[in-house]
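Dear colleague,

Please find the structure below, handed over for your reading. My notes on what was found in it follow directly after.

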Amino acid sequence: MALVLQRTLALAASPLTTLTVVLLLRVWLGLRVENRAEARRTWRALWRAREGPLLLCANHLTMIDSALIAWALAPPLWYVANFSALPWNVPERTHFASTWLQQVLAYLFKCLPIVRGGSRDEVADTLARFGWLVGRGEAGLIFPEGGRSRTGRVEVENAAWGVGRIVKSVPGCRVVCVYLRGEKQAEYSDLPARGDRLHVSLSTLEPKSDHAGLRGSRDVARQIAARLAEMECAHFAKHGGQSVREIPS
Amino acid sequence: MTQSEIFDRVVKILTPYVKNQEALASVSEKTHILDELKVNSARLVDVVLEFEDAFDIEIADEDVDSVETVGNAVELIQAKLG
């Protein structure tokens with residue numbers, strides 16, 4: 001019930017919230033998504049054709065990746081009309097929900113704040129609510145590495161098993177891997193560099209595991225992270241930057 | 001297997017994942033695995049899977065949520081061993 005109320009209020013505020021975010025990203029930060037049209041076509045087609053839950057899993061380099069990805073994948077007014085496609089998030093509470101203003105904004109931006117490394121029960125409860133939303137047809141966005149990558153690269157070994165647990169708990173869940181990076185983004189940072197040009201790619205995956213329980217969850221999480229690592233290699237091969245490296249099997 | 005033996009094996013399994021050697025030196029059943037031993041939360045599943053292998057038990061996803069301290073791990077393993 002509480003989540004339904006949050007969704008309702010977030011929808012009511014969405015014309016203002018989504019447009020404000022886009023203005024901040026485009027005007028204040030001067031960002032541009034180079035292949036925006038193609039990415040938006042792909043995401044809209046995936047959303048229209050979906051037969052079950054969709055979970056976005058992305059690389060994580062800045063503190064506003066959720067906003068960047070949402071903006072890259074669709075214009076604000078499309079989200080108002082297709083509000084379920086605006087992904088729910090599970091941001092770190094200390095960064096995004098420590099003051100009352102942040103808590104209000106997090107609430108209106110479809111966020112379920114979480115304390116990473118906090119009480120296991122609370123983490124599990126938040127992820128369960130997140131999984132429930134995805135199971136009901138709401139898009140969700142999660143970062144398999146948990147936090148921002150300290151190396152600036154996708155680290156498959158650091159894939160948080162909780163992602164695998166969510167995928168396994170939502171019947172028919174399809175994963176949409178999203179790789180987004182700015183041309184000036186050498187490593188992790190709070191914000192992208194002003195004026196940066198971003199590139200985004202999408203790849204779908206239906207991870208499966210022959211293992212049950214924890215091994216299965218870890219296996220699924222690593223499959224997702226491995227796909228992101230492959231996408232990262234393709235990104236650098238296409239746009240230059242850091243050298244290509246082997247993906248761990 | 002006694003509780004003490006389980007504790008010793010748990011600490012041995014945890015050791016490679018621990019980033020706070022001071023906390024490890026004074027580890028007790030009350031020591032918090034993530035907050036004090038500074039085990040990376042992403043590696044907790046690897047730790048628990050090593051518990052499974054070492055003690056020949058199966059630990060459900062939900063049971064991991066109750067493992068916050070070394071003592072929680074010992075209790076869980078004891079319960080699984082029966």
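Before the strands are described, one term is needed: two strands pair if DSSP finds at least two bridges between them. Helices (H or I, at least four residues) and strands (E, at least two) are DSSP runs, numbered from the N terminus.

This is a predicted model, in which local features need pLDDT of at least 70, side-chain atom pairs count only at pLDDT 80 or more, and totals for chains, interfaces and linings use all residues. Residues are numbered from 1 along each chain as its sequence is written, while chains are lettered from A and ligands numbered from 1 in the order in which they are written.

Confidence

The pLDDT is the predictor's confidence in each residue, from 0 to 100. Its mean for chain A is 91, and 96% of the residues of that chain reach 70 or more. Residues 243–249 of chain A have a pLDDT below 50, and this stretch has eight contacts in the model beyond near neighbours in sequence. Two residues are in contact if their C-beta atoms, placed from the backbone, lie within 7 Å. Where pLDDT is low, the predicted coordinates should not be read in detail.

Overall form of chain A

Chain A has nine helices and five strands. Read from the N terminus, its elements follow the order α-β-α-β-α-α-α-α-α-β-α-β-β-α. The radius of gyration of chain A is 17 Å, close to the 18 Å that the globule rule gives for 249 residues, so chain A is as compact as a globular protein of that length. That radius is taken over C-alpha atoms, and the globule rule is 2.2 Å times the number of residues to the power 0.38. The C-alpha trace of chain A spans about 45 × 45 × 35 Å along its principal axes.

Of the 249 residues of chain A, 42% count as buried. A residue is buried if 20 or more other C-beta atoms lie within 10 Å of its own, exposed if 12 or fewer, and partly exposed in between, with C-beta atoms placed from the backbone. Among the contacts in chain A with a separation of 6 or more, 73% come from residues 24 or more positions apart.

The sheet

The five strands of an open sheet in chain A are ordered β1-β5-β4-β2-β3, with mixed pairing. Its edge strands are β1 (32–33) and β3 of chain A, each of which pairs on one side only.

Strand β2 of chain A (residues 54–58) has five of its five residues buried. A:Leu54, A:Leu56 and A:Ala58 point one way from this strand, A:Leu55 and A:Cys57 point the other way, and all are buried. What partners does β2(A) have? Five bridges join β2(A) to β4(A) (residues 174–182), and the two run parallel; here A:Leu55 stands opposite A:Val175. Three bridges, also in the parallel sense, link β2(A) to β3(A) (residues 140–142), where A:Leu141 is the bridge partner of A:Leu56.

The antiparallel part of the sheet includes β4(A) and β5(A) (residues 197–205), which pair over eight bridges. A:Gly182 has A:Leu198 in β5(A) as its bridge partner.

Helix α8 of chain A lies across β2, β3 and β4 of that chain, running at about 165° to β2(A). Axes are lines fitted to C-alpha atoms, for helices over the stretch in contact, and angles run from 0 to 180 degrees between N-to-C directions.

The contact between the chains

The contact takes 16 residues from chain A and 15 residues from chain B. On the side of chain A that touches chain B, α7 (120–135), α8 (161–169) and α9 (213–239) of chain A each supply at least two residues. The most comes from α9(A), with five residues. By class, this side of chain A has five nonpolar, five polar and six charged residues. Ala, Val, Leu, Ile, Met, Phe, Trp, Tyr, Cys and Pro count as nonpolar, Asp, Glu, Lys and Arg as charged, and the others, Gly among them, as polar.

Individual residues

A:Lys110 is not a glycine, yet has a positive phi of about 60°. A:Lys110 is placed in the loop between α6 and α7 of chain A, and is buried, with 27 other C-beta atoms within 10 Å. In chain B, B:Asp56 also has a positive phi, near 55°, in a residue other than glycine. B:Asp56 is found in the loop between α3 (44–55) and α4 (61–64) of chain B, and is exposed, with 9 other C-beta atoms within 10 Å.

With kind regards
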